[in-house]
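Me: Could you look through this model with me? I am new to reading structures, so please take it slowly.

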Amino acid sequence: MHLPTVITLALTTNLTVGLYLYLLYRRKPKDRCFKLWAYSCGCFVLGSALVILRPYPLPALLSFFIADGLLLLAPVFVLAGLVQFSRFRYTRKRRQQAGWALTLGLLLLLLCHQHPGLLSIAAAVTIALTFCLSAGLLQKSIITEPIFTRTLQSVFVLHAGVMFVQAMLVTLNWQQLDLHGLPEASIYTLLSHILLTTLTALLLPWLSFLKLERKLTLKSQRDGLTRLANREHFFNQIERYWRQHPNTPAAFMMLDIDFFKRINDTFGHAVGDKAIAAVARLLSKQLRSNDIIGRVGGEEFAVLLIDIDEQTALKVGQRLCQQVAQQLVWLDEDQVNLTISIGMVHVIPTEHPAMEAVKRADEALYASKQAGRNTVTQASFSTNNMPGDQAIPEPLSYSNTMK
Ligand SMILES: Nc1nc2c(ncn2[C@@H]2O[C@H](COP(=O)(O)OP(=O)(O)OP(=O)(O)O)[C@@H](O)[C@H]2O)c(=O)[nH]1
């Protein structure tokens, strides 16, 4: 392999990918990860150019410390971009620790910059450690494409391995180092470093497609007003639950805002929308994070309470009715007394088909409406009749007055 050709090709590719990533960032400045990855490509190109210029009489600070510093910053920017991409929220302490680690790494390079051998060991080890961290971080990242995650992780691990081997080669051949501080044997590790950096640069733009895909998928699954699962996604989740947890008891609930047409007619659709969103917020707050909640119709919600017994499920339903009646009184300027009616059925997936549970809960909801609303009705699979548990015995209170 002709080394100058490989280096020129690698630098040109990195430069082009860097520019492309920067353009992606300019199009959507909120996605700061692309800017960080563009900086990574830039650092690698500049650092490598300075390394190439080493035979020329340049100050050692520039051609050694700054060159290796830039080469170290390249993976650091990759790591920072991944943190941004995955929207990890790090504590102030963690960020400070990362800042200290970077300062320490650069200080180490500065201390070694008069000794090319020491410098290449320090640079190789710090770069390897950064790639190890990046590979670990990918384990927790939000990238939903497992093949892509595994590929990027393998590239990082391989790259870390190559850098450790380079540090080892320098240590073992301490007596015969060239002016770059590298032994002749390290030509293959050097080549691998260049190729793996280029491969990483080529893989990163894929993340923009994956990000877009994830955004579109999420958008297609969510209801625009409440951000809850829409009807289709909710029932997909229910189907999955039935498949994956055939023996875990659950409670299926249908909830409907009472006299919602009157709210719309009295206050207008905008206030009606706010009421729907407020009920959705209350459901999300009151229920556990692993319960499945969806907006399945205009003012109709459905919930699957997971791993729950019949009595507790009834109490949850009663609590929801009480909370809505007590809390959702003010919607900005408008005083709206909201109540909800609930129909529910307790199920064991393997014994009760999902669609039958929906039907029973729907019938129980109808029974709640008939019973005066602001009520929970619990249907049962054991008998065909519905016990009509009037959980909140007070008469329906509905009043709406404009403030
Ligand atoms: N503001 C708003 N209204 C909606 C939306 N979707 C459906 N609606 C309205 O919700 C109302 C539902 O009314 P009905 O089904 O008659 O039920 P209700 O008035 O709540 O009466 P009960 O359910 O019997 O207590 C209709 O007026 C729909 O126009 C929405 O997204 N926003």
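Me: Which residues are linked in a network of salt bridges?

Reply: Asp256, Asp258 and Lys369 are linked in such a network, where a salt bridge is a side-chain nitrogen of Lys or Arg within 4 Å of a carboxyl oxygen of Asp or Glu. Before we go on, please keep in mind that this is a predicted model, in which local features need pLDDT of at least 70 and side-chain atom pairs count only at pLDDT 80 or more, while totals for chains, interfaces and linings use all residues. Residues are numbered from 1 along each chain as its sequence is written, and side-chain values use heavy atoms, with hydrogens and water left out.

Me: OK, what is the distance in the salt bridge of lysine 369 and aspartate 256?

Reply: The side chains of lysine 369 and aspartate 256 meet at 2.7 Å, N to O. Lysine 369 lies in helix 13 (residues 354–370) and aspartate 256 in strand 1 (residues 250–257), so this pair ties together parts that are 113 residues apart in sequence. Here helices (H or I, at least four residues) and strands (E, at least two) are DSSP runs, numbered from the N terminus.

Me: And are those two buried or exposed?

Reply: Lysine 369 is buried, and aspartate 256 is buried as well; buried means under 20% relative accessible area, exposed means over 50%, and partly exposed is in between, with a 1.4 Å probe and protein chains only.

Me: How many salt bridges does the count come to?

Reply: By this rule the count comes to nine salt bridges. One of them joins the side chains of aspartate 223 and arginine 295 at 3.1 Å, N to O. Aspartate 223 sits in the loop between helix 8 and helix 9 (231–244) and arginine 295 in strand 2 (residues 292–295), so the pair ties together parts that are 72 residues apart in sequence. Aspartate 223 is buried because its relative accessible area is 13%, and arginine 295 also counts as buried, at 15%.

Me: What about aspartate 291, which residue does it form a salt bridge with?

Reply: Aspartate 291 pairs with arginine 288, and their closest N and O atoms are 3.1 Å apart. Aspartate 291 is buried, with a relative accessible area of 7%, whereas arginine 288 is partly exposed, with 39%.

Me: Switching to the surface, which residues gather in a patch of positive charge?

Reply: That patch brings together Lys30, Arg87, Arg89, Lys215, Lys219 and Arg227. Patches are made of residues with over 30% relative accessible area and no salt bridge, like charges being joined within 9 Å and nonpolar side chains (Val, Leu, Ile, Met, Phe, Trp, Tyr) within 5 Å.

Me: Where is lysine 219 found?

Reply: Lysine 219 is in helix 8 (residues 206–221), and because its relative accessibility is 63%, lysine 219 counts as exposed. Lysine 219 and asparagine 230 are eleven residues apart in sequence, with their C-alpha atoms 9.7 Å apart in space.

Me: Which residues form the nonpolar patch?

Reply: Leu53, Tyr56, Leu58, Leu62 and Ile66 form it on the surface, with about 410 Å² of accessible area together. Leucine 58 has its place in the loop between helix 2 (32–52) and helix 3 (60–85), and leucine 58 is partly exposed, with a relative accessible area of 31%.

Me: Last one: where does UniProt place the feature "transmembrane region"?

Reply: The unreviewed UniProt entry places that feature at several spans, among them residues 36–56 and 187–210. In the model, residues 36–56 are 81% helix and 0% strand, with end C-alpha atoms 31 Å apart, while residues 187–210 are 92% helix and 0% strand, with end C-alpha atoms 35 Å apart.

Terms used. Accessible areas come from the Shrake-Rupley method with a 1.4 Å probe; for residues, only the protein chains shown count as cover. Lys and Arg count as positive and Asp and Glu as negative; His and the chain ends are not counted. The place of a charge is taken as NZ of Lys, CZ of Arg, CG of Asp or CD of Glu. UniProt positions are given in the numbering used here, feature names are shortened, and annotations may be inferred rather than shown by experiment.
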